[in-house]
Amino acid sequence: MTPRLRVPAAEAAGSGMTSQRVRDRLVQRLREGGIVDERVLNAIGTVPRHLFVDEALATRAYEDTALPIGHSQTISQPWVVARMTELLLTGRSPRTVLEVGTGSGYQAAVLAALGLEVYTVERIGDLLRLARKRLRQLGMNVRSKHDDGRVGWPEQGPFDAIIVTAAGPALVDALIDQLAPGGVLVAPVGGSASQSLVQVTRDADGQLQQATLAPVMFVPLLSGTLD
């Protein structure tokens, strides 16, 4: 599914180092890096990542690297965004997804571009306000909340998929409890020295299975909220 972007076409398309040609090269690098789901690659190629970073960093938006977004937070590396999104979709057709850690709003935009019903929670008010503005400008239908992400959004659950974009020392029970039967949770787990991407699935009978995947590096998953 291709999102109907509301921002001016030229602004969304970019130019020079933010052009569609540069975006397409990123998609090709992701494909060569093992991302195989064409739906995910199409979403990455469509959502204008340069609009989710500071203007001074826009020319680096389509590098396959994490970039700072303020408040000691980052916009995740595109490969990581693509891989985590791919893991949510493999072998299943989720309808609702909870994102813990809105950050810049880019991961939520990619999920919305796939036609998912996205709920996202962010603990830092300044980041959430800016992400909401970006998502509205793009016409993305994303529901967001300023709250402690470790609590999730229980009143909207259970969710078919949950994606956590910050690393805790262990999986959070409150989030696993919000995972629907047949659902999948993908999260980085570990500390500052070592982290791994972990996938948790809940079968139709409610039983949980856990798999440890690739090494990753994310900002820490913190409790509480900041204005």
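**Note on cavities and a helix pair**

1. The largest cavity holds about 320 Å³ of space. A cavity here is a set of points on a 1 Å grid, over the protein atoms alone, where a 1.4 Å probe fits but cannot get out. Its volume is the space filled by probe spheres set on the points, with grid points joined across faces, edges and corners. In this structure there are 2 cavities of 30 Å³ or more.

2. Before going on, a word on the source: this is a predicted model, where local features need pLDDT of at least 70, side-chain atom pairs count only at pLDDT 80 or more, and totals for chains, interfaces and linings use all residues. Residues are numbered from 1 along each chain as its sequence is written, and side-chain values use heavy atoms, with hydrogens and water left out.

3. What lines the largest cavity? There are 27 lining residues, and Q73, G101, G103, E122 and T165 are the closest to the centre; lining means having an atom within 4 Å of a point. Two or more residues each come from β2 (73–75), β3 (96–100), α5 and β4 (117–122). β2 gives the most, with 3 residues. Helices (H or I, at least four residues) and strands (E, at least two) are DSSP runs, numbered from the N terminus.

4. By class, that lining of the largest cavity has 12 nonpolar, 10 polar and 5 charged residues. For the record, Ala, Val, Leu, Ile, Met, Phe, Trp, Tyr, Cys and Pro count as nonpolar, Asp, Glu, Lys and Arg as charged, and the others, Gly among them, as polar.

5. On to the second largest cavity, with about 70 Å³ of space. Of its 13 lining residues, V164, A170, L171, V172 and A187 sit closest to the centre. α7 (173–176) and β7 (179–190) are the elements giving two or more residues, and β7 gives the most, with 4. This lining divides into 12 nonpolar, 1 polar and no charged residues.

6. Now the helix pair: the axes of α4 (residues 78–89) and α5 (residues 106–113) come within 11 Å and cross at roughly 40°. That makes α4 oblique to α5 (under 35 degrees would be roughly parallel, over 145 roughly antiparallel, 65 to 115 roughly perpendicular, and the rest is oblique). Axes are lines fitted to C-alpha atoms, for helices over the stretch in contact, and angles run from 0 to 180 degrees between N-to-C directions.

7. Who makes the contact (heavy atoms within 4.5 Å) between α4 and α5? From α4 come V81, T85 and L88, and from α5 come Y106, Q107, V110 and L111. These contact residues divide into 5 nonpolar, 2 polar and no charged.

How values were computed:
Contact means heavy atoms within 4.5 Å. On a 1 Å grid over the protein atoms alone, a cavity is a set of points where a 1.4 Å probe fits but cannot get out, and a pocket is an open set with protein on both sides within 12 Å along at least five of seven lines; lining residues have an atom within 4 Å of a point.
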